[in-house]
Amino acid sequence: MNKVVIFGVGLIGGSFARALKKAGAVRSIVGVGRSAASMARALELGIIDAIGVAGEPASLAEALRGADLVLLAAPVAQTEAILAAIAPHLDAGTVVTDAGSTKSDVVAAARRALGGKVAQFVPGHPIAGRETNGPDAAIDHLYIGKKVVLTALDDNAAADIERVAAAWRACGAIIHRLTPQEHDKVFAAVSHLPHLLAYALVDDIARKPHADLLFQYAASGFRDFTRIAGSSPEMWRDISLANQPALLAELDAYMAQLTQLRAQLAAGDGAALESVYSNAQHARHQWITAIETAEAPASQDKAD
């Protein structure tokens, strides 16, 4: 690709840029963001080659001119505003994609903001991340062996979908495909609910009068379980609200499970508790084995 434009050059967008550059898959990358300091830092680090100013139409027009690909790696609540801002400046040959953790709302936003140009938008979601943020968090190997889910629209041309897929493959990712609705139900269960629970647990501990004592004795189990509570609160606020119906359904199911566990504990029913624990242990072992198999280098072509 000759030019890629990235809105939001933090962990996700910055790592995408670094990986493309390392692979020699792009000649020039333009970064656009809300923070001038962050953009300057991304430029200083060599993540991007130029800066576009989000609030200036002339600057946006210049940034987008001749772009092969545009990636939106900003919080999902900003999607519609960004798409509306770039719509007048999109060349016919430019493909737009995103990295948002919800898809049904993003697709609806794209249809409103892009109108007749919505066919140029191929929704996506890289399943990778860390709890750090900002340009300094960007690494060139974040996506190696990781899944990227594309939730292509009926409007999309096959060549445009392939352009997005090829960019992610250049980063080392494995391409999967779901509908927007399937995507949101799946990730409400395995991503959005775990984040909500981790935030809730750490917040609960932090609000206790003896929080300092509790954190003093919190060890690796607590650290591992709550690692994702170090993620961006703004981003996860937006994700939670964007996927509210599916997340509420998963939260209700989990609360029912907790109610059942509480009853078993109160009754001293060790056999019932052990049954739940054993089933969870077995399921986790199977999941880890499946991940190791799917993310092996030889699986790249099969998954795609």
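# Close-up views of a predicted model

**View 1. The largest nonpolar core.** The largest nonpolar core holds 37 residues, and V4, I6, F16, L20, Y143 and W168 have the most contacts inside it. At least two residues of this core come from each of β1 (3-7), α1, α2 (36-44), β4 (69-72), β8 (147-150) and α6. The largest share, 6 residues, is supplied by α1. A second, separate core has 28 residues, including V5, L114, V118 and I239. A nonpolar core here is a set of buried Ala, Val, Leu, Ile, Met, Phe, Trp, Tyr and Cys residues joined through side-chain atoms within 4.5 Å. Buried means under 20% relative accessible area, exposed over 50% and partly exposed in between (1.4 Å probe, protein chains only). Helices (H or I, at least four residues) and strands (E, at least two) are DSSP runs, numbered from the N terminus.

The model is predicted, so local features need pLDDT of at least 70 and side-chain atom pairs count only at pLDDT 80 or more, while totals for chains, interfaces and linings use all residues. Residues are numbered from 1 along each chain as its sequence is written, and side-chain values use heavy atoms, with hydrogens and water left out.

**View 2. Helix α1 against helix α6.** The axes of α1 (residues 11-23) and α6 (residues 158-170) come within 8 Å and cross at roughly 80°. That makes α1 roughly perpendicular to α6 (under 35 degrees counts as roughly parallel, over 145 as roughly antiparallel, 65 to 115 as roughly perpendicular, the rest as oblique). From α1, the contact uses F16, A19, L20 and A23; from α6, it uses A167, W168 and A170. These residues divide into 7 nonpolar, no polar and no charged. Ala, Val, Leu, Ile, Met, Phe, Trp, Tyr, Cys and Pro count as nonpolar, Asp, Glu, Lys and Arg as charged, and the others, Gly among them, as polar. Contact means heavy atoms within 4.5 Å. Axes are lines fitted to C-alpha atoms, for helices over the stretch in contact, and angles run from 0 to 180 degrees between N-to-C directions.

**View 3. W168 and Y143.** W168 lies in helix α6. W168 is buried, with a relative accessible area of 0%. Leaving aside neighbours within four places in sequence, W168 contacts F16, L71, P126, Y143, V148, A173 and I175. K146 is 22 residues from W168 along the chain, and their C-alpha atoms are separated by 9.8 Å. With the same exclusion of neighbours within four places, Y143 contacts L11, I12, S15, F16, P126, A128, W168, C171, G172 and A173.

**View 4. A25 beside A170.** A25 sits in the loop between α1 and β2 (28-33). A25 is buried, with a relative accessible area of 19%. Not counting residues up to four places away in sequence, A25 touches M1, L20 and A170. A25 and A170 are 145 residues apart along the chain, yet their C-alpha atoms are separated by 6.8 Å.

**View 5. The six-stranded sheet.** In this open sheet, 6 strands run in the order β3-β2-β1-β4-β5-β6, with parallel pairing. Two strands pair if DSSP finds at least two bridges between them. The edge strands, β3 and β6 (121-122), each pair on one side only. β1 pairs with β4 over 4 bridges, in the parallel sense. F7 has L72 in β4 as its bridge partner. β4 and β5 also pair in the parallel sense, over 4 bridges, and L69 stands opposite V95 in β5. V95 and T97 point one way from β5, V96 and D98 the other way, and all are buried. Helix α4 lies across β1, β4, β5 (95-98) and β6, at about 155° to β4.

**View 6. Helix α3 and its cover.** S59, L60, A61, A63 and L64 are buried in α3 (residues 57-64). Their cover includes β1, β2, β3 (50-53), β4 and α4 (79-86). G66 follows α3 and has a positive phi, near 75°.

**View 7. The three-stranded sheet.** Here 3 strands form an open sheet in the order β7-β8-β9, with mixed pairing. β7 (124-126) and β9 (174-177) stand at the edges with a single partner strand each, so one side of each has no neighbour in the sheet. On average, neighbouring strands are turned by 25° against each other, direction ignored. β7 and β8 run antiparallel and are joined by 3 bridges. P126 stands opposite V148 in β8.
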